[in-house]
Amino acid sequence: MASSDKDISYSDLKSLLEKGSGFVVDVRTKDEVDRGRIPGSIHIPVENVESDMSLDAAEFQSKFGVSKPSLDCSELVFHCQMGRRGAVATEKAKSLGFKCARNYAGGYKEWSEKGGK
């Protein structure tokens with residue numbers, strides 16, 4: 001599952017976040033997110049990715065409190081618990097024109113195991 005144009009590694013994601021960049025979308029369920037999350041991520045359940053990522057910029061800002069990423073945003077990363085739903089979300093985003101979207105295949109499981117808080 002680790003093709004470099006589709007996936008991002010733990011160290012690369014951590015580096016993005018340390019620089020204050022990166023647009024991380026958590027596609028897990030609300031219950032999963034309530035048990036822990038990657039700092040700075042926004043929550044869009046996988047089943048809502050298409051509709052929420054299709055919102056216009058003002059609606060997106062109003063709903064999530066952050067600016068909507070541009071279609072060519074190179075730091076757009078989706079993740080779930082272990083990688084599968086993140087991959088689905090990444091493909092959905094790509095189908096909407098977010099051509100550089102990537103999946104953090106290690107997911108929150110790897111993040112928490114490596115102490116990435």
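Visitor: The charged end of which residue sits over the ring of Tyr-108?
Guide: This is a predicted model. In it, a charged end lies over the Tyr-108 ring, 4.5 Å from the ring centre. Tyr-108 is also included in a second, separate core of 10 residues, together with Ile-8, Leu-16 and Ile-38. The residue whose charged end sits over the ring is Arg-28.

Visitor: How are the rings of Tyr-10 and Trp-111 arranged: stacked, edge-to-face or tilted?
Guide: The two ring centres are 5.4 Å apart, and the planes meet at 55°. Planes under 30 degrees apart would count as stacked and those over 60 as edge-to-face.

Visitor: How many residues apart in sequence are the parts that the pair of Tyr-10 and Trp-111 ties together?
Guide: Tyr-10 lies in helix α1, residues 10–18, whereas Trp-111 lies in helix α6. The pair therefore ties together parts whose separation in sequence is 101 residues.

Visitor: Is Trp-111 buried or exposed?
Guide: Buried means under 20% relative accessible area. Trp-111 has 4% relative accessibility, so Trp-111 is below that limit.

Visitor: About how many helical turns separate Phe-60 and Phe-64?
Guide: Both residues are in helix α4, four residues apart. An α-helix has 3.6 residues a turn, so residues three or four places apart point the same way. The rings of Phe-60 and Phe-64 have their centres 4.8 Å apart and form a tilted pair, with planes at 45°. The separation along the helix is about one helical turn.

Visitor: Which residue forms one aromatic cluster with Phe-60 and Phe-64?
Guide: Phe-60 and Phe-64 are both buried. The cluster they belong to also takes in Phe-23.

Visitor: How many residues does the largest nonpolar core have?
Guide: Among the residues with the most contacts inside this core are Val-25, Ile-44 and Phe-60. Elements giving two or more residues to the core include β1, α4 and α5. Ile-44 is in contact with Val-25, Met-53 and Phe-60, among others beyond four places in sequence. The number of residues in the core is 19.

Visitor: Is Lys-114 buried, partly exposed or exposed?
Guide: Lys-114 is found in the segment after α6. Its relative accessible area is 47%. Buried needs a value under 20% and exposed one over 50%, so Lys-114 falls in between. Lys-114 is partly exposed.

Definitions and conventions. Residues are numbered from 1 along each chain as its sequence is written. This is a predicted model: local features need pLDDT of at least 70, side-chain atom pairs count only at pLDDT 80 or more; totals for chains, interfaces and linings use all residues. Side-chain values use heavy atoms; hydrogens and water are left out. Buried means under 20% relative accessible area, exposed over 50%, partly exposed in between (1.4 Å probe, protein chains only). A nonpolar core is a set of buried Ala, Val, Leu, Ile, Met, Phe, Trp, Tyr and Cys residues joined through side-chain atoms within 4.5 Å. Contact means heavy atoms within 4.5 Å. Rings of Phe, Tyr and Trp (its six-membered ring) pair if their centres lie within 6.5 Å; planes under 30 degrees apart count as stacked, over 60 as edge-to-face and the rest as tilted. A charge sits over a ring if NZ of Lys or CZ of Arg is within 6 Å of the ring centre and within 35 degrees of the ring normal.
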